[in-house]
Amino acid sequence: MRPEEDIRKTIRRWNNKTSERMDERVLGDALHAMDESQGQEPYGPPFPRRSIMKNPITKLAVAAAVIAAVVLGLFEFVSTDAGAGVVWAEVAQKVEASHGVSFRLRETGGQKAHKNWPRSYSVVRRSPTLSRTDWYIADRLSRTVFIDWPTRSVIWLSHNQKIYSKKTLTDEDVQNREDAWTDPQGLISLGLNRELHELGQKTIDGILCEGVGTNDLRDGDFTFPVKSFSARMWVSVETGYPILVEVEATGGDDGSIRRTSTLDKFQWNLDIEESAIKPEIPSDYECID
Amino acid sequence: MLEDKLLVLKCRRGNREAMRRIYQKYKDLLLTVATGLLHEPAEAEDVVHDVFVAFAQSVEKFQLTGSLKGYLATCVRNLALDRIRAKARRAEGPRPATPSPVTSDPEKDAVATEELIQLQEAMSRLPYEQREVIVLHLKAGLRFREIARLQGVSLSTSHARFRYGMDKLRSLLNGEVQQ
């Protein structure tokens, strides 16, 4: 059963915005009525032609991928012992050189939380210019979000509700992208200057891995007061590519928040083309724009 | 609260800018409340329109004793109820107005929009009295005591309606929204 607090938050977040047409109609009539009731000569339509109601910029919360990125970027600064299987600087170079990447993402405790793991998760495909995320519930595709950054177009489909939306990103959205994790190369730039510690070796799904971790929290990583933070990344000794990233943060004003992110099933160095990942909109889907 | 009193005072003196500010301040909230109660965008807009026009007509003699937000939300509630009583609701209405999430991340935006659409649809399936308590309490910020007075019921009934409504919402949304 879904926590009641989630529903309360959703209701509080619920916000229907008036249209420009409605603003003109309502305020025009209201001001006219006010003038008439006070015996003044009614003015003409007084309402400004356009009321731009921009969404407030909220700091990106629990960007699991961002935090993961943080870890990724620091490999260059981790010492590599002579006997170690992974050369961290090379990992950073490989990640940076990868054109595209896909991975499976599981988040808990946040807005994009996945319930009923492992049957609910997201599959993310990203390149420097394209992004597609597919959400799965009980292994069934439930939602798709596709972003083409050069053209600033976003396509969102809700497969459960058979609805879709097409939007164009604003300058603000594009600017924000520079602060978020959107491509493998971005991982590197986001990850500088954190303190890392080596985790040694272990085998994951039959693959010998070497790990690195951090507890180095920085301002702006999370939107809530953090009590504890840890991130770990495991890299294949054989290929030198990351295969598992785990992030966990706890905190909140009452200490009740616990958010985790797990990224796995990585495929690095993919050529991601628009024709391959741009979603088709089924004819029976309704546009909600 | 103090700002609202000043705005009302200015409106009483015919200050049009003050009326504009009141409208700007509460228009989205009132539209959301009206949409939550009526579940029909066009009717919700009409209700908000009528509330503001009536407020403007009477502002010269208006005395603000409580919160302006609560007063306007109560007006929206009363007009919405009039409309509901005036006509039998259709079995299936149009899709509610698309709500606007407050985020600039396209993926979070999609998640939030989908969640809010599902919430609106689930809300529309609640009995009106329960929906009213939930919207007025959580969205308009009215206290249970005020809502009970509006509904002409006891405080405990108001609480119970909220509880039953939330339980039903949880049931309706279970497994559908969270992903």
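## Confidence

Chain B of this predicted model has a mean pLDDT of 83, and 87% of its residues reach 70 or more; pLDDT is the predictor's confidence in each residue, from 0 to 100. The model scores ipTM 0.77 and pTM 0.58.

Local features need pLDDT of at least 70 and side-chain atom pairs count only at pLDDT 80 or more, while totals for chains, interfaces and linings use all residues. Residues are numbered from 1 along each chain as its sequence is written, and chains are lettered from A in the order in which they are written.

## Chain A

Chain A has seven helices and twelve strands, which are DSSP runs numbered from the N terminus (helices H or I, at least four residues; strands E, at least two). Of its 289 residues, 35% are buried, meaning that 20 or more other C-beta atoms, placed from the backbone, lie within 10 Å of the residue's own.

A:Glu107 lies in strand 1 (residues 101-108) of chain A. A:Glu107 is buried, because 22 other C-beta atoms lie within 10 Å. A:Glu107 and A:Arg259 are 152 residues apart in sequence, yet 7.3 Å apart in space, C-alpha to C-alpha.

## Two helices of chain B

In chain B, helix 7 (residues 144-151) and helix 8 (residues 155-173) pack with their axes 8 Å apart, at an angle of about 100°; the axes are lines fitted to C-alpha atoms over the stretch in contact, and angles run from 0 to 180 degrees between N-to-C directions. Helix 7 of chain B is therefore roughly perpendicular to helix 8 of chain B, a term for angles of 65 to 115 degrees.

Notes. Angles under 35 degrees count as roughly parallel, over 145 as roughly antiparallel, 65 to 115 as roughly perpendicular and the rest as oblique. A residue is buried if 20 or more other C-beta atoms lie within 10 Å of its own, exposed if 12 or fewer, and partly exposed in between; C-beta atoms are placed from the backbone.
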